[in-house]
Amino acid sequence: MTAPIIRTEIGIDDVAIRELEESFRGQLVSPADPTYGEHRKVWNGSIDRSPALIARCAGVADVIAAIRFAKKTGLLVAVRGGGHSFPGFSTTDGGIVIDLSLMKGIRVDPDARTVRAQAGVLLGELDRETQAFGLALPAGIVSHTGLAGLTLGGGIGFVMRKFGLTIDNLLSVDVITAEGEFVKATQHENADLFWGVRGGGGNFGIVTEFEFCLSSLGPYVMAGPVFWPMDESQKVLRFYRDWIAECPDELMTIVVQRRAPDLPVVPRDLVGKHVLGVVCCYAGSIEEGEKVVRPLKEFGSPALDLCVPKPYLTHQMTFDPSFRPGWWYYVRSCDVAEINDDITDVMIEYGQRITSPISSLALWQMGGAVSRVGENETAFNGRNVGYTFNINGNTESAGGFDEQREWARSYWTALSPHHTSVYVNFLMEEGEERIRQAYGAEKYDRLKDLKRKYDPDNFFRLNQNISP
Ligand SMILES: Cc1cc2nc3c(=O)[nH]c(=O)nc-3n(C[C@H](O)[C@H](O)[C@H](O)COP(=O)(O)OP(=O)(O)OC[C@H]3O[C@@H](n4cnc5c(N)ncnc54)[C@H](O)[C@@H]3O)c2cc1C
């Protein structure tokens, strides 16, 4: 599978590269390889980097070989699962990308209600396998996101209020350390590492395989968005915050502000208009779900109501067309305790200012099962936040990107009196203080201790870095 590498072309130690080529089972892609252009791309089109080598690992042995090669040659390492890092940490100029995207193994054990998944699995691939048995893992809301990066930051999504974060369902991980050593971590074995990988990102090593427990769900759920014209935001948001205060953990909602997308399900006369939506997912029976969401569906005169019984798998792809690979993306994020009147005023002002057809706001309802796990049980921070803002300034290409970035930044700044913390997986490259804020001072110090134990030389540093 591996094409011979023109060694001088990447200027790396001859012996080291020959050794790697001889043993590597996956694909080594250098700039001379005809597939290099395709494999160096990451999801965010605004990230344009040219690694010296892309090591597309076929298995654990390849990961060990790639780490040892990087150590020997001194190449800076980027680790790629699904390639969806907002700031583009899964690629690098001139370094090596340890690309796990070929590692797609998934095995569901329906009796034990567990799943083992390798590090290249995408969320939609996992959902498909688990749903074949009427089971699900709580994870994210876009099916082409990588399971690995998402899990290592925590993992928030449509059924978390019922079943917890992705990490709350994690049973074990296989990790390859900066020394190229295999380590297994569970609640009982290397428990300090197991604590750290549940929120601490890729700081401690490369996870090659995850094991999770699963819960019963679907195959049909009551789910989808209800939209109103944006000029009705004031009354819809007031209704919304009272309504969700009484809703059970089975219900999770995301408030969306955007211009209505040009999709077949959207009436032609609504496309491009500013709308405010509430996207629901009820992790329980259809009958109960219908009862719970009825007041929302009957509030005012929705411009579009797509909240109906549907396969969970279909619902999990709702946002896919809005976050296509290759478009240009910029995100700003913060957590807040509640949606007070000041916050709704900011939302109304900045929602109306959306110009790009693909910029949007997603306001995540947190709580439920997420808040019932102790704040110090995992490295993830913010178990008790009320809501998470995810402000996306996006364009299809470079044109107009600066303007969208500015919109996202100023929206975020206007919310700053209400910021509490931030979800680490929604950070751009924002500096150490923001990373500390994401973990809180106490957990950040504990993570630093762990980093000193597992990666004292900061070999894995292209990430939301916890510097030793
Ligand atoms: C369209 C989109 C939708 C999203 N939706 C959600 C959501 O619903 N819920 C949510 O919680 N988050 C969501 N996110 C954020 C997401 O969790 C992060 O972007 C995450 O890093 C993506 O993981 P990945 O494997 O695709 O990324 P990659 O870019 O491949 O990896 C990101 C970083 O994770 C680390 N990493 C990846 N794989 C490994 C590994 N095997 N071992 C060690 N370190 C590794 C590396 O540090 C790497 O730089 C979304 C992001 C996008 C772009």
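Analyst: We begin with accessibility: a residue counts as buried under 20% relative accessible area, as exposed over 50%, and as partly exposed in between. Keep in mind that this is a predicted model. Arg113 has a relative accessible area of 33%, so Arg113 is partly exposed.

User: Where does Arg113 lie, and what is its phi?

Analyst: Most residues other than glycine have a negative phi. Arg113 has a positive value, near 55°. Its place is in the loop between strand S5 (106–109) and strand S6 (114–118).

User: Is Asn458, which also has a positive phi, buried or exposed?

Analyst: Asn458 is buried, at a relative accessible area of 10%. Its phi is near 55°, and Asn458 is placed in the segment after helix H15 (441–454).

User: Which residues does a cis peptide bond join here?

Analyst: Most peptide bonds are trans. In this model the bond between Gly218 and Pro219 is cis, with omega about 5°. Pro219 belongs to the loop between strand S11 (215–216) and strand S12 (220–229).

User: How do I read a pair of aromatic rings?

Analyst: A ring pair is described by the distance of the centres and the angle of the planes. Centres must lie within 6.5 Å, and planes over 60 degrees apart count as edge-to-face. The count for this model comes to 17 aromatic pairs. In one of them, Phe86 and Phe426, the centres are 6.2 Å apart and the planes stand at 80°, so this pair is edge-to-face.

User: Which parts of the chain does the pair of Phe86 and Phe426 tie together?

Analyst: Phe86 is in the loop between strand S3 (77–80) and strand S4 (96–99), and Phe426 is in the loop between helix H13 (401–414) and helix H14 (432–439), so the pair ties together parts 340 residues apart in sequence. Both Phe86 and Phe426 are buried. Ring pairs also link these two with Trp43, Phe323, Tyr329, Trp364, Phe380 and Tyr423 into a cluster.

User: What does Asn392 touch?

Analyst: Leaving out residues up to four places away in sequence, Asn392 touches Phe86, Phe323, Tyr330, Val331, Ser359, Ser360 and Trp407. Asn392 lies in strand S19 (residues 387–395) and counts as buried, at 1% relative accessibility. From Asn392 to Arg258 the separation is 134 residues in sequence and 9.8 Å in space, C-alpha to C-alpha.

User: Which charged residues sit over rings?

Analyst: Arg446 lies over the face of Trp195, at 3.7 Å from the ring centre. The charged end of Lys71 is placed over the ring of Phe459, 5.1 Å from its centre.

User: How do I read two packed helices?

Analyst: They are described by the angle between their axes and the distance between the axes. Helix H2 (residues 14–23) packs with helix H4 (residues 60–73) at about 175°, and the axes are 10 Å apart. That makes H2 roughly antiparallel to H4, because angles over 145 degrees count as such.

User: Which residues make the contact of H2 with H4?

Analyst: H2 supplies Ala16, Ile17, Glu19, Leu20 and Ser23, while H4 supplies Asp62, Ala65, Ala66, Phe69, Lys72 and Thr73. By type, they divide into 6 nonpolar, 2 polar and 3 charged.

Notes
Residues are numbered from 1 along each chain as its sequence is written. This is a predicted model: local features need pLDDT of at least 70, side-chain atom pairs count only at pLDDT 80 or more; totals for chains, interfaces and linings use all residues. Side-chain values use heavy atoms; hydrogens and water are left out. Rings of Phe, Tyr and Trp (its six-membered ring) pair if their centres lie within 6.5 Å; planes under 30 degrees apart count as stacked, over 60 as edge-to-face and the rest as tilted. Helices (H or I, at least four residues) and strands (E, at least two) are DSSP runs, numbered from the N terminus. Buried means under 20% relative accessible area, exposed over 50%, partly exposed in between (1.4 Å probe, protein chains only). A charge sits over a ring if NZ of Lys or CZ of Arg is within 6 Å of the ring centre and within 35 degrees of the ring normal. Axes are lines fitted to C-alpha atoms, for helices over the stretch in contact, and angles run from 0 to 180 degrees between N-to-C directions. Angles under 35 degrees count as roughly parallel, over 145 as roughly antiparallel, 65 to 115 as roughly perpendicular and the rest as oblique. Contact means heavy atoms within 4.5 Å. Ala, Val, Leu, Ile, Met, Phe, Trp, Tyr, Cys and Pro count as nonpolar, Asp, Glu, Lys and Arg as charged, and the others, Gly among them, as polar.
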